[in-house]
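Look at the sequence and the model first.

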Amino acid sequence: MNRRIAYLGIACMTALLSACADMGNIKPQAQRMDANALGSGSVISQSAANDAALWPQQQWWHAYGDAQLDALIATALSDSPNLHIAEARVRQAQSYAGLAESATLPNVSASTSMTRQLFSAHDFIPPPEAGNYAWYNRVAVEATYDLDLWGKHRQELAAALDEVKVSAAESQMARLALENNIVRSYVQLSLQYALKDIVEDTLSHREKGLQVMRKRLAAGLATEMDVTQLEAAIPPLHIQIEQYDEAIIVLRNQLAAFTGKGPAEGEKITRPTLALDNNAWLRLPAVLPADLIGRRPDVAARRWGVEAAGKQIEAAKAAFYPDINLMAFIGFQGIGFSNFLKGDSSIRGIGPAISLPIFDGGRLRSNLGAHTAAYDIAVESYNGTLIHALESVANTLVVAQSLQQQKTLNDGALVTASKARTLASKGFAAGMTDFLVLLNSEVALLTQEQQRAQITARMLESHAALMLALGGGYQAEPQPEQTNSNKDKP
């Protein structure tokens with residue numbers, strides 16, 4: 001008898017499975033790229049091989065040695081609305097994961113109903129209630145539990161947990177972007193101060209030259225035209241100084257906004273005092289590009305997105321199979337109040353509920369197709385992000401190396417221009433050099449000093465760009481190892 005029951009169960013299960021809706025031939029088409037197969041290029045390889053550095057620390061901006069910058073970033077990490085939004089999205093994803101988890105657990109509820117109704121005289125209700133009004137009362141505790149034989153809810157929960165990791169990685173990306181933006185704006189603020197100093201120094205020299213020219217005019221050694229030409233060269237310098245003052249105020253306001261404060265806080269920001277080892281940004285960690293997957297939050301977010309999309313496919317596949325729920329209840333039920341809560345009015349029951357998809361107009365296949373396409377999108381998004389990550393590292397190194405060469409060339413040009421202005425200034429003071437020679441020497445020196453300030457600022461920005469490219473201090477949760485046989489197969 002037991003064998004017959006077992007055979008009957010197997011036959012019923014086979015019949016149920018054979019009656020399920022057809023999945024069709026819906027499969028993912030995209031495949032994740034292997035980071036090591038992309039080829040990092042000679043720039044990255046050489047920088048990583050020669051005097052390799054550690055990965056960035058969480059507070060990487062401390063390398064600039066500016067306490068005010070440290071304070072600005074600390075305030076921003078605490079008060080920035082954008083970071084608060086990113087953190088709220090993490091909590092939102094955690095709540096959605098809680099909803100998904102609830103589907104894997106038993107559901108217990110209590111219900112009660114009291115209805116006064118007219119009972120039919122020709123139904124199963126006996127007299128004296130038949131054909132009369134009476135109260136129909138029921139109170140019960142009910143429980144349901146989805147057996148989840150095919151893992152649909154478990155896969156949905158796993159996908160939701162991966163989405164939590166996506167949100168957490170995106171929150172870290174928002175944090176890193178904010179840190180980077182503050183550093184870049186702070187470097188630009190430092191640059192505006194430096195450029196203003198250079199113009200003010202040039203203005204001071206020209207005003208001294210104008211005084212000399214006016215003395216020559218008084219002595220009959222110069223013409224009115226000579227004085228007028230020198231006077232005309234001064235206002236443009238005042239305009240440049242005003243422009244730098246404008247830029248300084250705007251950058252202060254911008255930094256205040258980054259920290260979640262108003263312009264009044266920006267007025268408290270003083271001149272930056274940045275200092276950075278000139279070679280600090282030219283060194284890379286030894287293991288690239290493979291470790292970049294776990295160090296850049298945007299790459300990690302896209303990776304977890306692929307994992308979540310793959311599990312959603314498995315959940316969509318499970319929907320093609322029979323759904324079996326266990327249901328149970330216990331309570332009291334009766335007509336009228338006199339016997340409602342007596343022992344012989346008790347009710348209880350337990351049993352399965354089976355739903356079997358047979359024909360649904362293609363709904364399940366469309367759902368599977370949509371999740372499969374979403375997986376392909378997630379994979380290609382991951383691939384694109386990984387490619388961009390390697391590109392940003394390589395480009396940052398190219399810029400940094402070029403800036404190093406530009407600085408070397410500027411060093412020589414700056415020495416020559418400074419010497420030329422010194423000689424022209426002495427010659428002009430002695431009446432041996434024409435004022436046009438002096439003006440030209442000042443313009444040449446001004447140009448080289450401005451280039452030096454800009455190169456220095458770009459070098460400081462390059463360090464921030466490299467920290468962004470390497471993911472700052474972020475380190476993703478390790479990804480479960482995959483074998484070659486199941487790689488990229490959700």
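What percentage of the residues in the protein chain is buried? In this predicted model, the protein chain has 490 residues, and buried residues make up 39% of them. The chain exposes about 26,400 Å², and carbon and sulfur atoms supply 56% of that area.

The protein chain contains 13 helices and four strands. Consider next the contacts in the chain with a separation of 6 or more: 85% of them are accounted for by residues 24 or more positions apart.

One of the helices, α13, covers residues 435-469. After α13 comes Gly-471, which has a positive phi, near 90°.

The remaining topic is how helices lie against each other. Two packed helices are described by the angle between their axes and the distance between the axes. For α12 (residues 363-429) and α13, the axes come within 7 Å and cross at roughly 160°. Because angles over 145 degrees count as roughly antiparallel, α12 is roughly antiparallel to α13. The crossing of this pair is left-handed.

A second pair is made by α6 (residues 152-218) and α11 (residues 297-318). Their axes come within 8 Å and cross at roughly 165°. By the cut-off of 145 degrees, α6 and α11 are therefore roughly antiparallel to each other. The crossing of α6 and α11 is left-handed.

Terms used. Residues numbered from 1 in each chain as written. Predicted model: local features only at pLDDT ≥ 70, side-chain atom pairs only at ≥ 80, totals over all residues. Heavy atoms only, no water. Helix = DSSP H or I, 4+ residues; strand = E, 2+ residues; numbered from the N terminus. Buried < 20%, exposed > 50% of the residue type's maximum accessible area, 1.4 Å probe, protein only. Contact = heavy atoms within 4.5 Å. Areas by Shrake-Rupley, 256 points an atom, 1.4 Å probe, with all protein chains shown as cover. Expected span 1.5 Å × (residues − 1). Axes fitted to C-alpha atoms, helices over the stretch in contact; angles between N-to-C directions. Parallel < 35°, antiparallel > 145°, perpendicular 65-115°, else oblique. Left-handed = near helix turned anticlockwise from the far one by under 90°.
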